[in-house]
Amino acid sequence: MSNLLHPGLILIAVGVIAMIVPKMLRKFVLAVGPFFALFAALSMPVGTDLSIEFLGTGYHLGYMFVDKLSYVFCMIFALMACIGGIYSCHNENRMEALCSMSYAGCALGVTLAKDWLTLIFFWEALAVTSLFLIWCRNTPQSRRAGLRYLLVHMLGGNLLLLGIFLKVGSGDSLIANLSKAPHDLAFWAILIGVAVNAAIPPVNAWLVDAYPEGTITGSVFLSSFTTKVAVYALIRIFAGTDFLMGFGCFMALYGAAYAIMENDMRRLLGYHIISQVGFMVAGVGVGTAMALNGAAAHAFSHILYKSLLFMCAGAIIYATGIRKINQLSGMAKKMPFVAVCFFVAAFSISGVPFFNGFISKTITIAAASAAGYDWVYTLLELASIGTFLSITLKMGYFIFLRDADKNVEIKNPLPKNMYIGMGFGAALCFLYGVYPDLLYRYLPFGYPDYQPFTAAHMLSYVEILVVTMVPFMMFLPRMEPHTALSLDTDWFYRKPIDFVIVRISMLLCAISGGLGSAWGVLYEKFMDLTSNPMDFLDAKPFRKRTHYNPENYRTSIADPMMITLTVLVSSIAYFIATL
């Protein structure tokens, strides 16, 4: 067992090799290297527990702890690294190659961590590597978005670090469930730190701000790891924390509502990450074995169909240079393979039967109903309607199916590896949807007592989808999106902080300018005085002079005569007094 290779370290090594090798060899490394990590992940026996002593301190870092929960997340993370590696292997940017693979490797590092310190190390590395996938686009918008992304994740990471220090300081070095523990400072610091990465409102706007500004291939990786690593952490640490049900339902509705209004393809998909993660957070809050299985299964499925949606959107942007939905039309004829892959992913995220979203999303909804939380069941069903409306109907129709009246031009043909990556992802979305046992057998809390392909389940979803389609078709002329500014939760802290920082900066600049002027005056007068000490005898030593004139420093003859007479008289008086 000590000879097992850490799949996360394998991916990091793949990234390093891809960065240093020539271009042609880099393609091979990115396309093939992640499969070694997948093989290592699948080869890990459940029960593996490896650690290493930290710098001779006696503290052991548990860097490879495998149970059923970590196994299923490692499996999908490694599988996604393979898909992403194929899709992105045409890239020439060495930094992006390094960071994309290292980012996936750090996600595996968090998943396999047994102790708090190992978790925070890979957690912070996850934030840094993902940041460069935004900055690698190298535009003013991406640089600003990346800086905001960095600031938000520094906040979340430092809060998580505070909670971990409190835990380790109290002797709790191993990661454990905190739902039944006292809700002290450590509990809230860790929860908020994880909530930042999970994009739980009100700390959610960083996602739709940053992900659309990443590189075309980098955004595929971004959509797959950060929020799902946070879902893993929530299941591991906060399973059964009941108030998370409310946050999860709010996320599901919130993201779907904003997605309906959005016009930018990748921003729309970003809002649906928030919405779909809401299903998982709600499942964590319900806390039953079935609900936690649903959260894990939906995270597994979500990585596949969401990455496929980002791959399809990236393919369109790569080929046309267009990001706005209302500027596209007729793409089904121009890019038929992309259209097929898109609708596979759209049917998956909408929960259409025989696609992988159906076999995972419905577990959480059914678990909420079985646990007696009918309000959770109802709100999550409503969120499903918003998903079908905004992605399958709105994006599907206006981008692919309507008449080609926008005269969209294909400027760049897609590399073959992008087709292979999309085809790989679409095949898995359909495969898991038809054979759910391929996933159910690996779920961490036992084989779920749930059968998705019952007449009741399938009929209810078909009814929801048909009822959603009718008003869309009735109001079709008004359903086309338009570009507008959607204010999000970041407005409530970006605007006040901007106001405060600007005013403080103005005050400090004014103080700095005043002190600089005062110092300049003092310096000038000091130099004038030290240039001729006799200037102290001048009646007006600080009067302004335009140039140096020796006459200004010459006193009248009366002054030395008076001094001489005074000394003489004093000396005579002293002499007389001593007689």
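**Group meeting talk: a first walk through the model**

Let's start with burial. The protein chain has 579 residues, and 53% of them count as buried. Keep in mind that this is a predicted model.

Now the overall build. The chain folds into 23 helices and two strands. The extents tell you about the outline. Along the principal axes, the C-alpha trace spans about 135 × 65 × 55 Å.

Next, contacts. Take pairs of residues at least 6 apart in sequence. Of those contacts, 81% join residues at least 24 apart.

The chain exposes about 25,500 Å². Carbon and sulfur atoms supply 70% of that area. As for charge, there are 38 positive and 32 negative charges. Their mean positions are 8 Å apart.

Cys74 is in no disulfide, and its nearest cysteine sulfur, in Cys106, is 13 Å away. Cys74 is also buried, at a relative accessible area of 0%.

His6 sits in the segment before α1, which covers 7–20. Is His6 buried or exposed? Buried, at 5% relative accessibility. What does His6 touch, beyond its neighbours within four places in sequence? Tyr63, Met64, Leu108, Gly109 and Leu112.

Next stop, Asn138. Asn138 lies in the loop between α5 (116–135) and α6 (140–169). Its phi is positive, near 60°, and Asn138 is not a glycine. Asn138 is exposed, with a relative accessible area of 54%.

Phe354 also has a positive phi. The value is about 75°, and again the residue is not a glycine. Look for Phe354 in the loop between α15 and α16 (356–370). Phe354 is partly exposed, at 38% relative accessible area.

Now a peptide bond to point out. Which two residues does a cis peptide bond join? Pro201 and Pro202, with omega about 10°. Pro202 is in the loop between α7 (185–198) and α8 (205–210).

Move on to the loop between α8 and α9 (216–222). That is where you find Glu213. Glu213 is buried, with a relative accessible area of 14%. Leave out residues up to four places away in sequence. Glu213 then touches Ile134, Arg137, Gln141, Ser142, Ala145 and Arg323.

Gln327 is in the loop between α13 (289–320) and α14 (331–334). Gln327 is partly exposed, at a relative accessible area of 40%. Which residues does Gln327 touch, not counting those up to four places away in sequence? Ile322, Lys406 and Val408. There is a distance to go with that. Gln327 and Asn407 are 80 residues apart along the chain, yet their C-alpha atoms are separated by 9.1 Å.

Now Met335. Met335 is in the loop between α14 and α15 (336–350). Is Met335 buried or exposed? Buried, with a relative accessible area of 7%. Setting aside neighbours within four places in sequence, Met335 is in contact with Ala315, Ile316, Ala319, Ile410 and Leu414. Here is another pair to look at. Met335 and Thr378 are 43 residues apart in sequence, and their C-alpha atoms are 38 Å apart in space.

Gln327 to Asn407 is 80 residues along the chain and 9.1 Å between C-alpha atoms. Met335 to Thr378 is 43 residues and 38 Å.

To recap. The model is predicted. It has 23 helices and two strands. A cis peptide bond joins Pro201 and Pro202. Asn138 has a positive phi, and so does Phe354.

Key: Residues numbered from 1 in each chain as written. Predicted model: local features only at pLDDT ≥ 70, side-chain atom pairs only at ≥ 80, totals over all residues. Heavy atoms only, no water. Helix = DSSP H or I, 4+ residues; strand = E, 2+ residues; numbered from the N terminus. Buried < 20%, exposed > 50% of the residue type's maximum accessible area, 1.4 Å probe, protein only. Contact = heavy atoms within 4.5 Å. Areas by Shrake-Rupley, 256 points an atom, 1.4 Å probe, with all protein chains shown as cover. Lys, Arg positive; Asp, Glu negative; His and termini not counted. Charge placed at Lys NZ, Arg CZ, Asp CG, Glu CD. Disulfide = S-S within 2.5 Å.
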